[in-house]
Amino acid sequence: MATINIKQKSENSFQAMNKALIHKLFASLLTVSLLSGCSQVFDEPNIQSNPNAVTDVDIATLLSGTLVGVTILHEDTDVRIAAIWAGQLNGLSRQHQGYADYIVSAQNFSWNPLYPAASQTRLIQTKADAVGDKWTKGVGQVLEALLIAKATALYGDVPYSQAFDDVKYPTPVFDKQADVYTALQTTLDNAIQNLSATSGLAFANQDFIYKGDVTKWKAAAYTLKARLFLHVGNYAKAVESAASGISSTAGDALAPHGTSQGIDYNQNYDFFRVNRPGDTGFDGAYLPILMQSRIKSANTKTDETALYNHYFKVGVIGTGTLDPNVVDGAFTSNAPHPILTYYENQLILAEAQARLGDTAKALAALNAVRSGLAGGTINGKTLSTTGRKYDAYVLDDFGPAGLANPTKATTVQTALLYEIVAQRYIFFLMQYEAFNDVRRMAKATPVVQLTIPLYVGSQKPARFIYPQGEINTNPNVPKPIADQFQKIPIFQ
């Protein structure tokens, strides 16, 4: 079930995830579990008394472990499925070939560890309240919103209002998706208020995202608000929130990684190179085709060669195959992974302003991203200088005969939107926001879409299927069970 009793279960649901930081805690928790399962065997009082048992976890350690869970959930199988269904990545073998054929069942999806991680964020808030620590509570609220936003964007209606207490709500209701989005905005407003407090407890050593910088967490909360407003088509509110969002690449929320297998590898590298080489790749995917169209094209202000080579590399897995660049590009073992970024914030501003009809402000936001890419910065790494060109656009570039109007759109607004949509699609590689965009663009007005072909059949996947574990245990799962082609409410 999605419900989690945070008083009884939350403190040990993610302690094993950060092996470098909390391995000893996990060992102790495992010991407690084994002892409790064999209580009739170990009757001797001295054996029953375990001096190493963990009876409580301090808030700083809890925050660290929860951050691990949040970062894993931004690099997991769900993200790969979303990338395949967005046409960015292709499934070539075994289970991932099935994903590319759009063949899935409820068995392919799980809310573990998503909801357990979300329950950790609630426990952080409870513990922060107990000591009057508004800063850490605010971080917990941002993390909660990140996880529930992922759930509702991919599944539609999900448990939220009753999701974290299985004593009171053993079978939580599924809140309407629109209500979840409204509630998440409230959660983020509360986070911003708490992060604006004049004082709080220091947690720099446990915060591997922002090193305890509450100003950066506050900006990230605004960017997440802007993302959610964009999802529901509230462009004015998206602009308002993004104006206070992440203001430079120095404020990017990036998951750090390293070179120790089983400890801190980037999970994309672990999948692409270590555990499942060849199961996925870019042969047959739309993303490299789109990027090739922006190399040596009529658009003399843009050359995507450096970014293309950053994403893709030929022959890593097999002769002539177009593979993820796990050698010296985006998917090395130590590559940081994006969660919320300055480029996303600016691209939200660009799209929202364009849809509101303010093409000048939209262009300024788009050019801010191009300026960053021209400097070689993307998600904590640096692009090659070879084939890296992102000159600033002017509005005339999007006229009927403009160099940045490949579809020959009749209006500047439409042509500019196409460029913004394309830039978002390129930037969001291996971020589930690309799948959100593909579905959202079919509804957003004016309608501007990329010509992403289907891998098979005549229907685009529109959602994830409710997990079998939830179907088996919670009678409140919406009936009939939606398949992968049924649109979620906000994108209908």
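Contact means heavy atoms within 4.5 Å. This is a predicted model, in which local features need pLDDT of at least 70 and side-chain atom pairs count only at pLDDT 80 or more, while totals for chains, interfaces and linings use all residues. Residues are numbered from 1 along each chain as its sequence is written, and side-chain values use heavy atoms, with hydrogens and water left out.

**View 1. Phenylalanine 464 in its loop.** Phenylalanine 464 sits in the loop between α17 (433-440) and α18 (468-473). Helices (H or I, at least four residues) and strands (E, at least two) are DSSP runs, numbered from the N terminus. The residue has a relative accessible area of 0%, so it is buried (under 20% relative accessible area; exposed is over 50%, partly exposed in between; 1.4 Å probe, protein chains only). Leaving out residues up to four places away in sequence, phenylalanine 464 touches Asp78, Ile81, Ala82, Trp85, Phe109, Leu154, Tyr155 and Phe435. From phenylalanine 464 to phenylalanine 485 the C-alpha distance is 8.8 Å, across 21 residues of sequence.

**View 2. Helix α3 against helix α7.** The axes of α3 (residues 59-72) and α7 (residues 134-155) come within 11 Å and cross at roughly 20°. Axes are lines fitted to C-alpha atoms, for helices over the stretch in contact, and angles run from 0 to 180 degrees between N-to-C directions. The two helices are therefore roughly parallel to each other (under 35 degrees; over 145 is roughly antiparallel, 65 to 115 roughly perpendicular, the rest oblique). Their crossing is left-handed: the near helix is turned anticlockwise from the far one by less than a right angle, where clockwise would be right-handed. Helix α3 contributes Ile59, Leu63, Thr66, Leu67 and Val70 to the contact, and α7 contributes Thr136, Val139, Leu143, Leu146 and Leu147. By class, this contact has eight nonpolar, two polar and no charged residues. Ala, Val, Leu, Ile, Met, Phe, Trp, Tyr, Cys and Pro count as nonpolar, Asp, Glu, Lys and Arg as charged, and the others, Gly among them, as polar. An α-helix has 3.6 residues a turn, so residues three or four places apart point the same way.

**View 3. Helix α9 against helix α10.** Helices α9 (residues 214-231) and α10 (residues 235-242) pack at about 170°, axes 8 Å apart. They are therefore roughly antiparallel to each other. The crossing is left-handed. Tyr222, Lys225, Ala226, Phe229 and Leu230 of α9 meet Tyr235, Lys237, Ala238, Ser241 and Ala242 of α10. The classes are seven nonpolar, one polar and two charged.

**View 4. Leucine 195 in helix α8.** Leucine 195 belongs to α8 (residues 177-195). Its relative accessibility is 4%, so leucine 195 counts as buried. Its contacts, not counting residues up to four places away in sequence, are Trp135, Gly138, Val139, Val142, Val214, Trp217 and Lys218. The C-alpha atoms of leucine 195 and lysine 218 are separated by 6.0 Å, at 23 residues apart along the chain.

**View 5. Helix α6 and its following glycine.** Of the 17 residues of α6, 13 are buried, so the helix is largely enclosed by the rest of the structure. After α6 comes glycine 132, with a positive phi near 70°.

**View 6. Threonine 359 in helix α15.** Threonine 359 lies in α15 (residues 359-374). At 17% relative accessible area, threonine 359 is buried. Residues up to four places away in sequence aside, it touches Leu395, Val412, Gln413 and Leu416.
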